[in-house]
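I begin with the surroundings of the ligand and then turn to the fold.

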Amino acid sequence: MAGNTFGQLFAVTTFGESHGPAIGCVIDGCPPGIAIAAEDFAHDLARRATGRTRHTSQRHEADEVEILSGVYEGKTTGTPIALLIRNTDARSKDYAKIAEQFRPGHADYAYWQKYGHRDPRGGGRSSARETTMRVAAAVIAKKWLAAKFDVVVRGYLAQIGDIVPRGVDLGEAGAARIDWNVVESNPFFWPDASQVAELEDYMDALRKSGDSVGARIDVVAEGVPPGWGEPIYGKLDAELASALMSINAVKGVEIGDGFAVVSQHGSLHRDRMTPQGFASNHAGGILGGISSGQAVRCSVAFKPTSSLRLPVQGVDVHGEVVEIVTTGRHDPCVGIRATPICEAMVALVLMDQALRHRAQCGDVGEVTPRIPAGSE
Ligand SMILES: Cc1cc2nc3c(=O)[nH]c(=O)nc-3n(C[C@H](O)[C@H](O)[C@H](O)COP(=O)(O)O)c2cc1C
């Protein structure tokens with residue numbers, strides 16, 4: 001079974017290649033009656049887009065969404081929603097030389113061995129251009145989650161290389177300590193305004209050196225009610241990990257305190273409950289694979305960009321040694337543009353899980369008074 005569809009009840013199928021005529025998606029299972037217009041997509045697509053600052057790839061795509069079906073008189077009809085974005089700034093000549101080469105750290109070799117035929121232009125289907133459609137589909141999910149449940153999904157850059165936000169304690173309280181206006185007002189989605197100039201200098205020096213660097217993004221979903229998640233194999237944390245890991249260049253996903261739990265004691269880690277609220281949120285808002293009503297917290301590790309203008313020795317499709325020099329336009333740190341993509345995957349998982357919970361357990365209601373989220 002091919003792997004281009006995501007979700008069970010809110011099922012998103014994406015299609016298209018980086019330098020093909022267009023990219024698009026079909027969303028099946030969307031509830032009817034959600035108000036949607038082409039303009040609704042602009043904000044999140046601009047947050048993900050290249051070429052908006054000097055710190056990202058200089059490809060300039062208009063990213064205008066055409067709604068082809070599933071919306072009538074401004075509202076979803078419950079029928080498949082098809083969204084299309086035409087590629088307007090593909091420069092395929094940049095890739096002519098490397099069509100027969102395997103760029104290290106890229107999907108070229110693996111795609112070639114698997115399919116025996118591939119579109120090398122701009123990375124073809126393996127390019128992060130595809131993630132544009134995830135962000136577009138998630139605009140609808142975010143809108144529904146906010147309208148129905150007051151759920152808000154937001155992310156920020158929590159590390160670039162060795163630099164971490166200084167003036168913000170990102171600890172377990174997560175969202176409570178983030179000034180989201182600061183995050184949205186700088187090109188790095190960085191929560192500490194006092195460090196933006198330092199990051200600009202760091203990125204300028206990195207770009208000049210021709211090298212790249214990794215990054216970490218944290219995502220917080222507030223307002224998630226208790227009960228979302230489908231044990232055993234559709235646990236909320238399992239689906240979030242899978243969804244976030246499906247993003248290009250992701251090498252690690254943590255839920256709650258993640259790998260820090262290894263050195264914690266249970267007396268610290270277990271999140272004590274009182275009728276007034278949870279005393280902490282080490283678990284990241286998920287217990288037994290089901291949301292607890294606390295903020296859902298995830299952390300995502302992005303590897304450094306593989307395409308560098310620094311030459312490297314590699315291998316071509318004939319197995320011969322070649323020198324590979326990557327031209328084209330690239331992100332020196334792919335994590336910078338990935339915040340809206342991580343938010344999108346979290347929103348798509350939550351939307352799907354909300355519908356699945358409603359389908360099976362919609363009649364259960366709340367059997368015990370809800371424990372407030374507490375320290376979030
Ligand atoms: C937002 C975003 C932008 C990216 N831009 C680039 C890029 O400009 N150059 C590059 O070499 N890789 C880029 N990547 C990463 C590649 O798509 C990815 O490393 C490659 O397809 C191999 O897949 P893998 O790293 O998941 O194994 C980007 C990833 C993301 C999420």
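1. The shell of residues around the ligand is made up of seven nonpolar, eleven polar and three charged residues, where Ala, Val, Leu, Ile, Met, Phe, Trp, Tyr, Cys and Pro count as nonpolar, Asp, Glu, Lys and Arg as charged, and the others, Gly among them, as polar. Of these 21 residues around the ligand, Ala128, Asn248, Ser307, His330 and Val334 come nearest, a residue being near a molecule or strand if its C-beta atom, placed from the backbone, lies within 6 Å of it.

2. The model is predicted, with local features requiring pLDDT of at least 70 and side-chain atom pairs counted only at pLDDT 80 or more, while totals for chains, interfaces and linings use all residues. Residue numbers start from 1 along each chain as its sequence is written.

3. The chain has eight helices and 18 strands, which are DSSP runs numbered from the N terminus (helices H or I, at least four residues; strands E, at least two). Its radius of gyration, 21 Å, agrees with the value near 21 Å for a compact globule of 376 residues; the radius is taken over C-alpha atoms, and the globule rule is 2.2 Å times the number of residues to the power 0.38. The C-alpha trace spans about 65 × 50 × 35 Å along its principal axes.

4. An open sheet of five strands is ordered β1-β2-β3-β7-β4, with antiparallel pairing, two strands being paired if DSSP finds at least two bridges between them. Because β1 (5-6) and β4 (65-69) each have a single partner strand, one side of each of these edge strands is left without a neighbour in the sheet.

5. Within this sheet, β2 (residues 11-16) and β3 (residues 22-28) pair over six bridges, with Thr14 having Cys25 as its bridge partner in β3. Six bridges also link β3 and β7, and here the bridge partner of Cys25 is Leu83. Four bridges join β4 to β7, where Glu66 is partnered by Leu84.

6. Helix α3 (residues 131-149) lies across β2, β3, β4 and β7 (81-86), running at about 35 degrees to β3; axes are lines fitted to C-alpha atoms, for helices over the stretch in contact (C-beta atoms, placed from the backbone, within 7 Å), and angles run from 0 to 180 degrees between N-to-C directions. In β7, Ile81, Leu83 and Ile85 form the covered face, whereas Ala82, Leu84 and Arg86 form the uncovered one.

How values were computed. Contact = placed C-beta atoms within 7 Å. Buried ≥ 20, exposed ≤ 12 C-beta atoms within 10 Å, placed from the backbone.
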